[in-house]
Amino acid sequence: MRAKITYFVLAAVLVVYFVLVGDRGVLLIREGTPVTVVFGVAVLVMPLIGGWFLWQTTQFARSADRLARELEAEGGLPVDELVRTPGGRIDRDSADAVFAKRRAETEQSPDDWRSWFRLAVAYHDARDTARARKAMQRAIALHDGKPVRAAGG
């Protein structure tokens, strides 16, 4: 729950920032000189890109959360079997061992969104965020019946 609150607070701050930047862009365009108009348009592009990115990230998080709830209802969420250091960090060898198990599971069932979801969690635990995101995107696509690219996560 703490992560959701943090996400929404940061998203709200970003939206306020986008509004402020957008306002400055409009002011620059209203100035009317060729240079300020160009700068104003350039400034307006930034909140548009940021808004698109925020929307995509929010949709991704909602979809991943939806899959997590469904998997939890089925009793299929991955069990936390990771060894942790006294400080609470995940032991790298432990994460690698769990990852190997999840990868083998996914190779056996490449069309099962559940195995891709668990693989995404294993990637995340192994601190490979980029591959975790790709694996989760694949899980979401498989779950929703959307076409999936041939390259695995």
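Colleague: How many salt bridges does the structure hold?

Modeller: The structure holds 12 salt bridges, a salt bridge being a side-chain nitrogen of Lys or Arg within 4 Å of a carboxyl oxygen of Asp or Glu. This is a predicted model, in which local features need pLDDT of at least 70 and side-chain atom pairs count only at pLDDT 80 or more, while totals for chains, interfaces and linings use all residues. Residues are numbered from 1 along each chain as its sequence is written, and side-chain values use heavy atoms, with hydrogens and water left out.

Colleague: Which residue forms a salt bridge with D65?

Modeller: The partner of D65 is R69, and their closest N and O atoms are 2.5 Å apart. The two are four residues apart in helix 2 (residues 34-74), so about one helical turn separates them. Helices (H or I, at least four residues) are DSSP runs, numbered from the N terminus.

Colleague: Is D65 buried, partly exposed or exposed?

Modeller: D65 is partly exposed, at 27% relative accessibility. Buried means under 20% relative accessible area, exposed over 50%, and partly exposed in between (1.4 Å probe, protein chains only).

Colleague: Turning to helix 3, where do R92 and D96 lie?

Modeller: Both lie in helix 3 (residues 92-108), four residues apart.

Colleague: What about R102, buried or exposed?

Modeller: R102 counts as buried, at 9% relative accessibility. Its salt bridge with E105 has closest N and O atoms 3.4 Å apart. Shared partners join E81, K101, R102, E105 and R118 into one network of salt bridges.
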